Amino acid sequence: MRNLSGIESDLFRAYREIESSVRLHSQYANLGELGMEFHQRPALFTGLPGWEDVVLSHDLCQNTPRVTEIKAYWSTVAPLPKLQGEFCVGDVFTDLIQPPPELLWEGSPPEDRIFFPSIRVVDDAPVAGTGHWAGIRVLPHKDPLEMWFYDPQLVRIPEAEKPYFRIHLTYPEYLRNLAITKGTLGWQYLFTDTVPLNSPGLRETSARLQNMMEIMPALFPDWEYGPISERLEARL
């Protein structure tokens, strides 16, 4: 087994902590196989139509897990406050060559017709069934590539212009924060200013994140939760 990169170590550690914790019920988990390391743009993208001007940076290539998949779905065990989390990530380069999400319909506005075809999903929650996902937006000459989050419940929230928003994280930063939060459902709302977390329509998400900050530092004291706590406080 080759040496793990920093982000692989973080994700594998989070996975093991979920699996071994007596305070969390791991309802589904899977760890795939380690793959090849890339320190520069993989040859796979050379000559691939539409990818000529897309920047796959050194940071992206070095700080991404080279594992086929790493998945977990968990919930807290009573008497802890109710909390759930899920993540489903893997080889980003495999994700990037997949088709975009199929969310366009006959009445889709022009901006959606531009947005959705540019997205490749890199994390979602298939077991929780929330319908949300995080994606990388594939645009030419963008470095770093943008991270976006889609949540269908946003169509019912007046303050949200769209059911998706940009996350102010790079992909490697996204993975690091996923490991810290263990994929607590809705953690991505901490990294946007687009949708107010104190909106009445996001009470459940807000309460979940407050429970996260009550539970996680006690369960996993070796992780640094200070920046996450500051973000939550600022958003509330």
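## Basis of the description

Helix axes are lines fitted to C-alpha atoms over the stretch in contact, and the angles between them run from 0 to 180 degrees between N-to-C directions. The model considered here is predicted.

## Packing of helix 6 and helix 7

Helix 6, comprising residues 203-219, packs against helix 7, comprising residues 226-235, at an angle of about 150°. The two axes lie 11 Å apart. Angles over 145 degrees count as roughly antiparallel, and helix 6 and helix 7 are therefore roughly antiparallel to each other. The crossing of helix 6 with helix 7 is left-handed.

On the side of helix 6, the contact involves L209, Q210, M212 and M213. Their counterparts in helix 7 are I228, S229 and L232.

## Packing of helix 1 and helix 5

The crossing of helix 1 and helix 5 is left-handed.

Helix 1 contributes I7, D10, L11 and A14 to the contact, where they meet P172, L175, R176, L178 and A179 of helix 5. The residues of the contact between helix 1 and helix 5 divide into seven nonpolar and two charged, with no polar residue.

How many of the eleven residues of helix 5 are buried? Nine of them are, so helix 5 is largely enclosed by the rest of the structure. The buried residues are Y171, P172, Y174, L175, N177, L178, A179, I180 and T181. Among them, P172, L175, L178 and A179 also belong to the contact with helix 1.

Helix 5 is followed by K182, which has a positive phi near 60°. K182 adopts this positive phi although it is not a glycine. The residue is found in the loop between helix 5 and helix 6. At 0% relative accessibility, K182 counts as buried.

The loop between helix 5 and helix 6 also holds P200. P200 is partly exposed, with a relative accessible area of 48%. The C-alpha atoms of P200 and L60 are separated by 36 Å, and these two residues are 140 residues apart along the chain.

## Aromatic pairs and an aromatic cluster

A pair of aromatic rings is described by the distance of the centres and the angle of the planes. The structure holds 14 aromatic pairs. In one of these, the rings of F115 and F116 have centres 5.2 Å apart and planes at 70°, so the pair is edge-to-face. F115 and F116 are both buried.

W133 and Y150 form a stacked pair, with 5.0 Å from centre to centre and 15° between the planes. W133 lies in strand 5 (residues 133-137) and Y150 in strand 6 (residues 146-150), so the pair ties together parts that are 17 residues apart in sequence. Both W133 and Y150 are buried.

Which residues make up the aromatic cluster? The cluster is formed by F115, F116, W133, W148, Y150 and Y164.

## Backbone features in the loops

P144 is placed in the loop between strand 5 and strand 6. H141 is found in the loop between strand 5 and strand 6. The phi of H141 is positive, at about 65°, although this residue is not a glycine. H141 is exposed, having a relative accessible area of 60%, whereas K182, with its positive phi of about 60°, counts as buried.

A cis peptide bond also links A78 to P79, with omega near 15°. P79 lies in the loop between strand 2 (69-76) and strand 3 (84-90).

Definitions and conventions
Residues are numbered from 1 along each chain as its sequence is written. This is a predicted model: local features need pLDDT of at least 70, side-chain atom pairs count only at pLDDT 80 or more; totals for chains, interfaces and linings use all residues. Side-chain values use heavy atoms; hydrogens and water are left out. A crossing is left-handed if the near helix is turned anticlockwise from the far one by less than a right angle, and right-handed if clockwise. Helices (H or I, at least four residues) and strands (E, at least two) are DSSP runs, numbered from the N terminus. Contact means heavy atoms within 4.5 Å. Ala, Val, Leu, Ile, Met, Phe, Trp, Tyr, Cys and Pro count as nonpolar, Asp, Glu, Lys and Arg as charged, and the others, Gly among them, as polar. Rings of Phe, Tyr and Trp (its six-membered ring) pair if their centres lie within 6.5 Å; planes under 30 degrees apart count as stacked, over 60 as edge-to-face and the rest as tilted. Buried means under 20% relative accessible area, exposed over 50%, partly exposed in between (1.4 Å probe, protein chains only). Angles under 35 degrees count as roughly parallel, over 145 as roughly antiparallel, 65 to 115 as roughly perpendicular and the rest as oblique.
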